[in-house]
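Trainee: Please take a close look at the interface between the two chains. I would like the contacts, the cut-offs and the elements involved.

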Amino acid sequence: MPFDVVIVGAGPAGLAAAIRLRQRATEQGEDLSVCVLEKGSEVGAHILSGAIVEPRALDELLPDWREQGAPLNTPARKDRFLWLTRRRAIPLMAPPQMHNKGNYIVSLGNLCRWLARQAEALGVEILPGFPAAEILYDDQGAVRGVATADMGRNPDGSEGLRFEPGVELHARQTLFCEGCHGSLAKQLMTRFDLRRDCDPQTYGLGIKELWEVDSPLHEPGRVVHTVGWPLDNGTYGGSFLYHLDERRVAVGLIVGLDYANPYLSPFEEMQRFKTHPAIRPLFEGGRRIAYGARALVEGGWQSLPRLSFPGGFIAGDSSGFLNVPKIKGTHNAMKSGMTAAEAILDRLRGEAPEGTDADDLRQRLEATWVMRELRRARNIRPAFRRGLWPGITLSAMDTYLLRGRAPWTLHHREDHAQLRPAAVSRPIDYPRPDGRITFDRLASVFLSNTHHEEGQPVHLKLRDATKPTALNLPVYDGPEARYCPAGVYEYVDNGNGGQRLQINAQNCVHCKTCDIKDPGQNIDWCVPQGGDGPNYPDL
Amino acid sequence: MKVLVPVKRVVDYNVRVRPRPDGTGVDTAHAKMSMNPFDEIAMEEAMRLKEGGVVDEVVAVSIGSGDCQDTLRSALAFGADRALLLESDTTDFEPVVISRILAAVVAEEAPDLVIMGKQAIDDDCNQTAQMLAGRLGWGQGTFACRLEVQDGEARVTREVDGGTRTVALSLPAVVSTDLRLNEPRYLKLPNIMKAKKKPLDRRAVAELGVDLTARTRVVAVTAPPERGPGVRVASVEELLDRLKNEAQVI
């Protein structure tokens with residue numbers, strides 16, 4: 001099927017791009033067909049974020065969003081920044097980037113649902129339940145669209161009774177907005193060598209729960225961030241507690257995926273976090289109503305790859321627009337999508353031929369507030385490589401004295417290369433879940449509403465099937481069983497006195513951590529059948 | 001020949017629901033909604049009859065809020081020729097009311113066959129097909145796991161305790177679908193796009209002039225009791241003793 005523009009992923013970047021494309025086409029009286037593919041069963045089903053949103057990009061995209069009922073209902077009011085020790089919570093001065101005046105606590109999934117309705121009203125074709133599984137290239141090697149995933153294959157890959165082959169969507173321009181560590185974006189980076197002059201990307205894993213609390217401590221608009229306990233001083237990360245309306249609280253822990261101890265379990269750190277004496281009272285007597293996890297990009301300015309290639313662009317977190325000290329990226333992702341829309345239109349109109357300077361999306365973004373913001377923040381995340389306090393000290397210097405104008409740029413390393421061998425690492429003894437405040441993985445995955453139809457090929461593909469027991473298990477003691485927040489990876493008895501890796505692909509919540517952190521880079525996260533994966537309600 | 005397929009918009013079967021804090025119902029805000037799986041089986045069966053040349057027209061009907069349009073678009077993507085939405089602010093009519101509304105639709109549409117899910121996965125009533133057949137004075141083939149239509153007759157194989165039972169119904173008739181009737185197809189992307197352009201009529205339920213009064217009232221909706229933690233026993237004897245005397249299950 002032919003389209004002018006195909007967009008992969010109905011997140012904030014993809015939807016903002018689609019809206020901007022149709023707005024411009026309507027202004028010019030042009031006929032421009034725009035199609036958005038989404039792997040989730042509906043728009044928002046796979047969206048997970050904190051989230052506090054800065055409405056800057058939304059103001060530019062749809063200035064009447066308030067009248068149109070955009071779900072930005074809880075203005076952020078009180079900011080607290082705490083340093084936790086095992087027993088105490090010590091207030092720190094919140095750095096200026098963390099001030100949230102004018103921002104809103106939202107469910108990003110619901111914001112995307114709303115954006116999708118606006119896009120459809122503008123004539124965008126949105127197709128949830130259809131993952132883009134393959135990139136299509138023309139004879140010259142330029143991208144010419146994508147093919148959706150096949151449905152109804154048997155576990156061995158053969159065609160089942162209800163087999164339905166994927167559909168080729170041909171496009172004059174294709175925009176990839178798959179979110180953090182997109183499976184097609186990963187192929188594009190290699191094929192077009194898009195990372196040739198930037199730092200490696202560095203990631204975090206965010207685990208989030210939504211609670212309905214029964215506590216007098218609940219205060220809509222309250223924003224709390226913490227650093228310190230339960231993470232050790234060498235591990236980057238922190239928590240968030242956002243008080244929403246209707247007695248709901250979003251709570252989450254983000255752990256930098258450059259952590260070194262293979263025994264660390266981000267999931268269990270998150271559970272343990274809720275038991276801190278300063279945190280626990282909020283959740284006593286409450287109910288956990290949703291759970292999910294998603295990797296996020298932390299590399300910022302120096303890790304941003306080239307975003308243009310023949311036939312299309314990459315935007316949103318597939319390239320990486322999170323502002324680490326702000327702990328926000330939605331506004332940047334949206335703006336990158338909107339800027340990509342302008343670049344696409346210039347290409348289609350022949351105003352900026354492919355490969356010219358004017359055609360470079362990154363250069364276009366340099367002229368916007370996105371890159372100014374990311375450039376200023378660039379030295380904060382790498383400063384924490386030496387630990388929490390050196391990080392805070394360096395960040396404070398960078399923020400208050402140098403104001404982001406340091407004459408140097410600190411660099412990132414590859415997350416998967418940071419694990420230390422198990423033999424020189426200290427095992428961590430995590431407390432058992434109590435079933436009230438803390439839970440195990442399976443009870444949690446249950447609340448993600450994740451579902452993968454049985455009898456399909458495993459969508460987590462090992463490049464070398466022997467590597468888990470040749471490298472991961474003997475050297476790192478099977479870290480995938482701990483970093484996976486959904487219990488997908490499990491080492492079980494192989495019947496011969498040894499162990500083998502079992503992949504419970506049906507539990508997967510599409511966070512992409514395994515593809516990022518696997519020490520041998522042996523796991524390829526691929527899209528499963530359409531509509532499979534989590535069904536997040538309000539995350 | 002014409003088939004009418006009623007489809008209901010329900011909370012998706014993958015979504016874990018929970019009672020609203022005030023106990024008046026289930027919290028469905030922002031939950032993913034989709035077509036009742038038994039109605040998908042009904043749609044699939046209607047399409048197979050059409051593809052087999054037995055049926056000329058398939059009409060899908062849904063009753064509820066404007067959001068039910070999504071459900072009807074799915075029915076159109078399955079291959080229904082047109083769709084009818086009977087709009088109402090009330091989305092949880094009980095089966096007796098639904099059967100009245102459907103009887104009025106049948107009077108207007110005059111289908112030869114109504115194929116519908118045996119129950120909806122939200123209220124699990126399993127009453128509407130039977131009530132509709134009774135109201136119309138038509139034959140009913142419920143819990144169908146096989147359906148053949150020829151020479152003005154529907155042969156329905158029904159799932160009964162310990163086996164199957166085949167009944168022959170003269171048309172027009174009502175058939176309700178069980179799980180093993182078929183496995184619904186995956187919706188094709190081109191068909192989903194085509195479905196957006198197929199006719200979908202919207203009318204207010206009130207226009208039909210049927211009695212919409214409820215006969216029952218929901219008193220409370222509660223979650224099942226939480227499962228307690230497990231206990232470890234020292235011996236088989238202790239296990240037997242505790243099953244017998246403490247749990248009193250053997």
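Mentor: Between chain A and chain B the count is four salt bridges. A salt bridge here is a side-chain nitrogen of Lys or Arg within 4 Å of a carboxyl oxygen of Asp or Glu. The model is predicted, so local features need pLDDT of at least 70 and side-chain atom pairs count only at pLDDT 80 or more, while totals for chains, interfaces and linings use all residues. Residues are numbered from 1 along each chain as its sequence is written, chains are lettered from A and ligands numbered from 1 in the order in which they are written, and side-chain values use heavy atoms, with hydrogens and water left out.

Take Glu125(A) and Lys196(B). They form a salt bridge, with the closest N and O atoms 2.7 Å apart. Glu125(A) sits in strand β8 of chain A, and Lys196(B) lies in the loop between α5 (189–195) and β11 (200–204) of chain B. Helices (H or I, at least four residues) and strands (E, at least two) are DSSP runs, numbered from the N terminus.

Next, Arg18(B). Its salt-bridge partner is Glu212(A), and the closest N and O atoms are 3.2 Å apart. For context, a search of the whole structure gives 63 salt bridges over all chains.

Now the polar contacts. The rule finds 11 residue pairs across the interface of chain A and chain B, both residues at pLDDT 80 or more. A polar contact is a pair of N or O atoms within 3.5 Å; within protein, one must be able to donate a hydrogen and the other to accept it, and residues adjacent in sequence count only if both atoms are side-chain atoms.

On the side of chain A that touches chain B, five elements each supply at least two residues: α3 (108–121), β8 (125–128), β11 (151–153), β12 (159–164) and β18. By class, that side has 12 nonpolar, nine polar and 11 charged residues. Ala, Val, Leu, Ile, Met, Phe, Trp, Tyr, Cys and Pro count as nonpolar, Asp, Glu, Lys and Arg as charged, and the others, Gly among them, as polar.

Then the extent. Chain A brings 32 residues to the contact and chain B brings 21, where contact means heavy atoms within 4.5 Å. The buried area is about 2400 Å², and carbon and sulfur atoms give 56% of it. Buried area is the accessible area (1.4 Å probe) that two parts lose on being put together, summed over both.
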